[in-house]
Amino acid sequence: MKKLLSVLLALAMLSIAGLSLAEAEPVTLNVAYMPNYGSLWAIETAIQKGYLAEENITVNLVEFADGPTIIAAMESGSIDVGYIGQGAHKLCINGRATIFALSHVSNGDALIGGAGITSVEDLKGKKVAYSSGSSSEDILINSLTKYGMTMDDINAFDMDASAIVTAMLSGGVDACATWSPNSLKILEEMPDATKLTDNMTFADQTVSLASWICMPKYAEENRDILVRFTRALFKGMDYAADEHYDEVSTWVSTQTATDYDSVYNQRGDAEWLTGKEVAEGAADGTVEGYYLLQRDTFVANGAVEKDPVPAVSDYVMLDVMIEAGK
């Protein structure tokens, strides 16, 4: 009898707190991230401030080099949800993953020229490192297109993120397209290097987004978990975007085992949106507009395979963002 009373009391307390049994159900998620401030700013804050614990969610953070690799891991079943940068969004448009939350508007990608290369036109015939399927490829193609060039005009080398840094610093390539913190490291260690373009170069044409994703099947079967996870993320974003760069950088540097200063220097890599801004933007059409502009840029670059081209609502769960913000 006492045990029954205890259970009833616990249920009553959940009810008073405004939680349903489904929301209170504990869940453990394998969460993919990349080792930079942009990937971890919201999730680390949600962990450290207890926002995920409030949703009864435990996370196992798993590091990856790029978005396409994260999506491949999701397809294998080893990852539940994950963070992607701009480039991997084309895979979502093509039906391989579903977006359930916008993280931020990025300015962390850059095309960098080595000694003697001060313009995109100087890249003709030069060795240029990039990472296919990622935001690295996007910034490179956008840059070449802007100046009437194509990949055929350069000697392109497809590499993973860490290899790009090594190749650039060693002089193995003449230029590279990469993202923060790699871009910051290269510019810091190569005084004669020049940033040729970044995301803001194309602000009048497209937008560079970072998002949280899962498999389409997972989205269908676990919408309530995605709402809870996103609600915690939004609280983390509200806190982190409010000038808490120092605190967040400490958490991120610990998780990535990198020095604090290199992480802190990444605080200018994006427009750090609050969860409130994302939720309201999802409701009033602003967020859908971002993804529409992004989709149309991918279409123009020939990166969308689906015909007809899917609507944003086919692969972006705006309803999850709206509900999570309530």
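## Residue Glu277

Glu277 is partly exposed, with a relative accessible area of 43%, where partly exposed lies between buried, under 20%, and exposed, over 50%, for a 1.4 Å probe and protein chains only. The model is predicted, so local features need pLDDT of at least 70 and side-chain atom pairs count only at pLDDT 80 or more, while totals for chains, interfaces and linings use all residues. Residues are numbered from 1 along each chain as its sequence is written, and side-chain values use heavy atoms, leaving out hydrogens and water.

Glu277 belongs to helix α14, residues 275-284; helices are DSSP runs of H or I with at least four residues, strands are runs of E with at least two, and both are numbered from the N terminus.

## The open sheet

Five strands form an open sheet in the order β7-β6-β8-β5-β9, with mixed pairing, two strands being paired if DSSP finds at least two bridges between them. The strands β7 (155-158) and β9 (194-198) stand at the edges with a single partner strand each, so one side of each is left without a neighbour in the sheet.

Within this sheet, β6 (residues 127-130) and β8 (residues 175-179) pair in the parallel sense over two bridges, and Ala129 has Cys176 in β8 as its bridge partner. In general, strands of a sheet pair through backbone hydrogen bonds, either parallel or antiparallel.
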